[in-house]
Amino acid sequence: MQESHNILDEDLSGLKPAEWQTRLTAVTEELGMFQPLGPKHCATFVDQGDTLLVSFETVQGIHNLSKRAQPLGFEMVRSEGWSHLCLISSGDTWFRDDRVFGFFDQLIDDGFFDEFEKVIFYGAGPCGYAAAAFSVAAPGATVVAIQPQATLDPRMTEWDDRFSDMRRTSFTDRYGYAPDMLDAANRAFILYDPYEQLDAMHAALFNRKNVSRLRVPNLGGAVQTRLLEMKALFPLLSMVEEEQLTEVNFARLLRARRNNGPYLRALLSQLEQKGRPFLQALLCQNVLSRMHGPRFRKHLHALENRAESGEFKLPQTSGDQTEQSA
């Protein structure tokens, strides 16, 4: 196991694309398998433990989200001793490719997923779509999909104008409509920000008995990035593996957002839009009591000026209350 960890610790950042793939191939072949799947896709496998994480990632996401330019699943191999199957795409393809279909067909024929006690499919955005869609290959698996699209078939989701270049891609053939592909899953968790309207509309399509839709208000359009910043993503996956991901435990995990700058700024912006100066002041006071926040200090000063003009009453700080008690 220690030798495996040493191999997985290799820093792949700063390499040119061809060099990066060569090194990734060497690392994964040493510990399992690397398989090209046409010009835009490949698969890697690291064989370690009885829990298998199947992650869908893009080359670009791997470089942007990992300091070592490694697939996210490598962290779970290192920390938890899981096995890891990673499907990698160059760009957002939603993994709609016959070579990818054939790869999963072969895994099913080989009984690959039957070799593991637990199987978890994971992805975000287009990769979240793929995690849900291909989970049908492993009945009884658990799925974690962040901001997934249900389909891009324009006959069903013509309201989603974000991915017009994908409209000629078929989402009606094999591994097509993601919500239907979850019917064989044990559980599925769909994470989305309800204030991101199109994401919320897609999440509504995943209305199934075995699906829990977990709201993450004000994490915006990059929920996966926010969870990584909060160091919450990998504990979330561990909870899933331990079958401990409940709404209460998830809420506890999300308390980390209290120290996340992008979340706090989004919350402040929402309160501004709703015209809630008292709550804005409460938020600014809370943030400034815990951390350095020039934007919140400036905003609080503007609110104090508005309060002095009689527009609203500022909330009392603990200092104010002590003074009054004296």
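Predicted model: local features only at pLDDT ≥ 70, side-chain atom pairs only at ≥ 80, totals over all residues.
1. **Strand 4 and its burial.** Strand 4 comprises residues 83–89, and seven of its seven residues are buried. Side chains in a regular strand alternate between the two faces of the sheet. In strand 4, Ser83, Leu85, Leu87 and Ser89 point one way, whereas His84, Cys86 and Ile88 point the other way. Both sets are buried.

2. **Partners of strand 4.** On the strand 2 side, six bridges connect strand 2 (residues 41–46) to strand 4, and the two run antiparallel. Within this pairing, Val46 has His84 as its bridge partner. Strand 3 is joined to strand 4 by seven bridges, and here the direction is parallel. Phe56 stands opposite Leu87 of strand 4.

3. **Strand 3 to strand 5.** Strand 3 (residues 51–58) also pairs with strand 5 (residues 118–124), through five bridges and in parallel. Ser55 has Tyr122 as its bridge partner in strand 5.

4. **Packing of helix 4 on helix 11.** Helix 4 (residues 73–80) packs against helix 11 (residues 233–241) at an angle of about 65°, and their axes are 11 Å apart. The crossing of these two helices is right-handed. From helix 4, the residues in contact are Glu75, Met76 and Glu80; from helix 11, they are Phe234, Leu237 and Ser238. Classified by residue type, this contact has three nonpolar, one polar and two charged residues.

5. **Helix 2.** Helix 2 (residues 17–31) has 15 residues and spans 21 Å from its first C-alpha to its last, close to the 21 Å expected at 1.5 Å a residue. Its buried residues are Trp20, Leu24, Thr25, Val27, Thr28 and Leu31.

6. **His299.** This residue is found in helix 15 (residues 294–308). His299 counts as buried because its relative accessibility, 16%, is under the 20% cut-off. Not counting residues up to four places away in sequence, His299 touches Leu268, Glu272, Gln280 and Cys284.

7. **Gly140.** Gly140 lies in the loop between helix 6 (126–134) and strand 6 (142–146). Leaving aside neighbours within four places in sequence, Gly140 is in contact with Ala184, Ala185 and Asn186. Asp98 is 42 residues from Gly140 along the chain, and the C-alpha atoms of the two are separated by 24 Å.

Key. Residues numbered from 1 in each chain as written. Heavy atoms only, no water. Axes fitted to C-alpha atoms, helices over the stretch in contact; angles between N-to-C directions. Helix = DSSP H or I, 4+ residues; strand = E, 2+ residues; numbered from the N terminus. Left-handed = near helix turned anticlockwise from the far one by under 90°. Contact = heavy atoms within 4.5 Å. Nonpolar A, V, L, I, M, F, W, Y, C, P; charged D, E, K, R; others polar. Buried < 20%, exposed > 50% of the residue type's maximum accessible area, 1.4 Å probe, protein only. Expected span 1.5 Å × (residues − 1). Pairing = 2+ DSSP bridges.
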